[in-house]
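The sequence and model are shown first.

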Amino acid sequence: MSLCKGIFFVPAVAELHDLCFDKGWSEDEFRKLLALPTSRLWMDENSMLLCSEVAGEMEILTIGVIPEMRRQHLAQKLLEELFEYAQKHNIKRIFLEVAEDNSPAQKLYFKVGFKQMGRRNKYYARPNGYVDALCLVKEF
């Protein structure tokens with residue numbers, strides 16, 4: 001995986017995101033995000049991670065692995081690349097939100113050093129209602 005720059009990647013990242021999630025983001029949403037000078041994108045044909053970097057902090061906006069490639073440590077590898085980038089660029093904190101009902105993702109995030117710092121009530125919509133988001137942080 002490598003750090004990708006520019007809106008050239010919009011169609012590919014939107015297609016990949018759609019494969020990773022029930023409701024993928026549109027090309028227009030990615031175009032707007034990737035046009036920002038604060039956006040950082042890592043991706044390959046099976047996985048992607050999109051962050052925003054501002055004032056020595058980063059927020060993971062989305063991270064995904066296509067279903068048939070899950071459980072092969074691709075998300076962990078993406079996070080490790082992000083951590084290397086963060087250390088080289090003097091990033092002090094990385095934030096993310098994860099759905100309360102997404103235990104595989106939570107397990108990974110806690111394994112790589114994230115800690116819970118808060119909760120957002122009824123943040124993610126589900127077919128039968130809403131679930132909370134856990135707000136996580138990793139500090140360097």
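Two strands pair if DSSP finds at least two bridges between them; helices (H or I, at least four residues) and strands (E, at least two) are DSSP runs, numbered from the N terminus.

## Basis of the model

This is a predicted model, in which local features need pLDDT of at least 70 and side-chain atom pairs count only at pLDDT 80 or more, while totals for chains, interfaces and linings use all residues. Residues are numbered from 1 along each chain as its sequence is written, and side-chain values use heavy atoms, with hydrogens and water left out.

## Strand 3 and its partners

Strand 3 covers residues 47-54. Strand 2 (residues 39-43) pairs with strand 3 in the antiparallel sense over 5 bridges, and M43 lies opposite M48 in strand 3.

The hairpin between strand 3 and strand 4 has 2 residues between them, and A55 in the turn has a positive phi of about 50°.

Buried means under 20% relative accessible area, exposed over 50%, and partly exposed in between (1.4 Å probe, protein chains only). Strand 3 is largely enclosed by the rest of the structure, because 7 of its 8 residues are buried.

## Cysteines

The structure holds 0 disulfides, a disulfide being a pair of cysteine sulfur atoms within 2.5 Å. C135 is in no disulfide, and the nearest cysteine sulfur, that of C51, is 16 Å away. C51 is buried, with a relative accessible area of 0%; C135 is buried as well, at 12%.

## The largest pocket

On a 1 Å grid over the protein atoms alone, a pocket is an open set of points where a 1.4 Å probe fits, with protein on both sides within 12 Å along at least five of seven lines; lining residues have an atom within 4 Å of a point. The largest pocket has a volume of about 1500 Å³, where volume is the space filled by probe spheres set on the points. Of the 37 residues that line this pocket, F21, I63, N102, A105 and Y109 are the closest to its centre.

Elements giving two or more residues to the lining include helix 1 (10-20), helix 3 (74-88) and strand 6 (115-126). Strand 4 gives the most, with 7 residues.
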